[in-house]
Amino acid sequence: MTLEVDDLRVYYRTLKGDVQALDGVSFPLRDGEILGLAGESGCGKTTLGKALIRLDGRMKHVGGSVTLDGQVLPIGDDAKMNPYRFKHVSLIPQYSMSAMNPTRKIGRMVRELLESRREKLDLDELHNRLDLVELPKDVLGKYPIELSGGMKQRMVMVISTLLNPSLLIADEITSALDVSTQKAVVTTLKGFRDRGFVKSMIFITHDISLTNQLADTIMVMYAGKLAEKAPASTVVNAPKHPYTQLLISSLPEVGVRYADKRLTGIPGNPPSLLKPEPGCRFRDRCPLAFEKCAEDPPPVEVEKDHVVACWKAA
Amino acid sequence: MLKLDGVTKVYRIGAFGGQTMTAVDDAGFEIKPGEVVSLIGESGSGKSTIGKMVLRLLPPTSGTISIDGRDVRGIGRRDYYRKVQGVFQDPFSSYNPVFKADRVFAMIREVYFRGVPDKEWTAKIEAALDAVRLSPAAVLNKFPHQLSGGQLQRLLIARALLLDIEYLVADEIISMLDASTRIDVLNLLADLKQRGLGVLFITHDLALGNYISERTVVLHKGRIVEYGPTDAVFEQPEHAYTKKLLASVPQLHTKWEDAS
């Protein structure tokens with residue numbers, strides 16, 4: 001087991017009070033597993049990703065624990081987290097296009113970055129990995145501005161995984177890319193896992209169709225809580241949580257036409273997480289809601305590896 | 001009928017405009033009233049440039065854009081924007097955050113409907129909001145940050161409808177919306193066809209284009225590589241680029257490995 005997240009709670013401090021962006025999420029991540037984390041904006045998926053590597057100033061670790069390779073990560077303590085970053089947990093950020101230092105040639109930047117971690121640069125290994133993502137060796141002598149968006153993205157992917165981290169977090173890395181580039185990025189990530197550059201991966205995206213191409217397991221979040229977690233094919237073909245069901249049925253696919261089959265969205269908006277009422281947070285938009293939904297539905301393993309937080313599914 | 005004929009756009013780039021870049025090269029297609037035409041292409045393919053030229057935010061370098069046979073350059077802008085309106089990608093930056101969101105309606109009234117009495121105007125707004133399925137109480141007199149992205153986007157469509165427009169340029173209008181709400185905005189566009197509206201639906205997402213449009217234009221590096229009825233383009237693509245594009249779309253129920 002690479003990662004064990006237990007009842008993790010991370011809130012955002014605001015003037016009006018705490019926003020409960022991540023409110024008690026637990027899940028394991030096996031060695032070699034790719035977890036797709038899906039959900040709408042504001043569901044807490046990015047908060048979860050950030051909580052595993054770096055809490056920013058507004059975020060507060062309220063409760064729960066994260067265990068990576070048997071060691072408890074000190075996620076609430078920025079300085080103590082530092083030895084883990086890059087070596088054990090690494091991140092490919094959403095803003096890959098501007099993640100590199102514009103005043104350094106890429107080769108020098110990579111060397112300095114490794115020196116700051118007291119690691120030596122293995123040039124042959126770096127060249128191998130550049131080959132793998134089809135970047136020429138001479139990019140190391142260039143400035144980031146000389147690379148195209150797709151090349152920068154691939155360069156950042158190589159840098160992030162250079163120290164073979166146990167856990168890689170990829171946060172919305174494909175949302176600014178074209179479909180053909182998306183496919184290349186996803187294929188590369190899979191290759192990184194298969195070659196053992198990273199042990200396991202959390203792939204955060206709002207695009208379920210894309211997650212399904214890559215992930216072994218998909219976890220759907222809603223309003224700071226886990227809604228459903230299951231093997232990718234189960235989430236796509238036989239979801240049990242009403243939110244997942246509605247979400248999947250609202251996705252247009254190539255081949256579905258308005259004239260033949262009219263898709264529908266989910267009416268309403270997610271609740272405010274400032275002072276959320278107890279109970280299922282989806283109940284105002286849920287067609288199946290009944291009295292019991294005023295109580296918090298616990299995540300229940302309805303079948304092997306299939307966890308659902310819904311009174312109706314259990 | 002809105003018709004583009006041999007439209008080309010060349011940008012001057014580099015210091016002092018020393019170099020040129022052809023963003024759109026000899027594009028020609030038409031939009032009939034009551035149909036949705038999707039314009040599909042990757043970033044940098046020139047799709048937004050075409051949208052901007054149709055909205056007359058950019059002049060074409062050569063070629064003509066015409067409405068019912070009349071060159072649009074011969075039509076005054078005030079009259080033109082009564083017929084053609086646009087909605088853009090980012091609903092959050094389309095509004096001035098200092099003012100209430102319904103100011104976009106008041107601005108239309110100042111320019112086009114000065115003589116209309118209040119009562120009639122209110123009825124007109126209500127009809128437009130009804131057409132985009134928003135309830136007036138939920139959206140009027142609110143600041144942009146109090147509304148969701150889907151609501152803001154629909155308000156902008158309602159604003160366009162106030163003018164009894166004939167054509168709407170929808171440039172990536174649902175890319176920033178969540179999966180659970182985007183389909184509602186998409187359905188709305190499709191419903192507007194029944195009012196006789198012609199829609200130019202600009203997108204990079206093939207599944208969305210396929211869902212609502214009658215005809216599809218595929219753009220690659222500024223050139224139209226495929227143009228025809230949506231069924232034909234998606235089922236029997238002829239150009240290698242369209243085939244490649246279709247093969248890269250992530251499908252929910254098929255994995256890439258199984259397809260190839």
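Start by colouring chain A in two parts: domain 1 (3-88 + 165-182 + 194-308) and domain 2 (97-164), with bounds that come from an automatic or database domain assignment. This is a predicted model, in which local features need pLDDT of at least 70 and side-chain atom pairs count only at pLDDT 80 or more, while totals for chains, interfaces and linings use all residues. Residues are numbered from 1 along each chain as its sequence is written, and chains are lettered from A and ligands numbered from 1 in the order in which they are written.

Next, look at how the two domains of chain A meet. Their C-alpha centres lie 30 Å apart. Eight residues of domain 1 are in contact with seven residues of domain 2 (contact: C-beta atoms, placed from the backbone, within 7 Å).

Now select Leu37(A), Ala170(A), Phe203(A) and Val220(A). These have the most contacts inside the largest nonpolar core, which has 83 residues. A nonpolar core is a set of buried Ala, Val, Leu, Ile, Met, Phe, Trp, Tyr and Cys residues joined through C-beta atoms within 7 Å; buried means that 20 or more other C-beta atoms lie within 10 Å of a residue's own. Domain 1 and domain 2 of chain A each give this core at least three residues.

Move to chain B, where 30 residues are in contact with 31 residues of chain A. Select helix 7 (179-192), helix 8 (206-212) and helix 10 (240-248) of chain B: each supplies at least two residues of the side that touches chain A. Helices here are DSSP runs (H or I, at least four residues), numbered from the N terminus. Helix 7 of chain B provides the largest share of that side, seven residues.

Definitions and conventions
A residue is buried if 20 or more other C-beta atoms lie within 10 Å of its own, exposed if 12 or fewer, and partly exposed in between; C-beta atoms are placed from the backbone.
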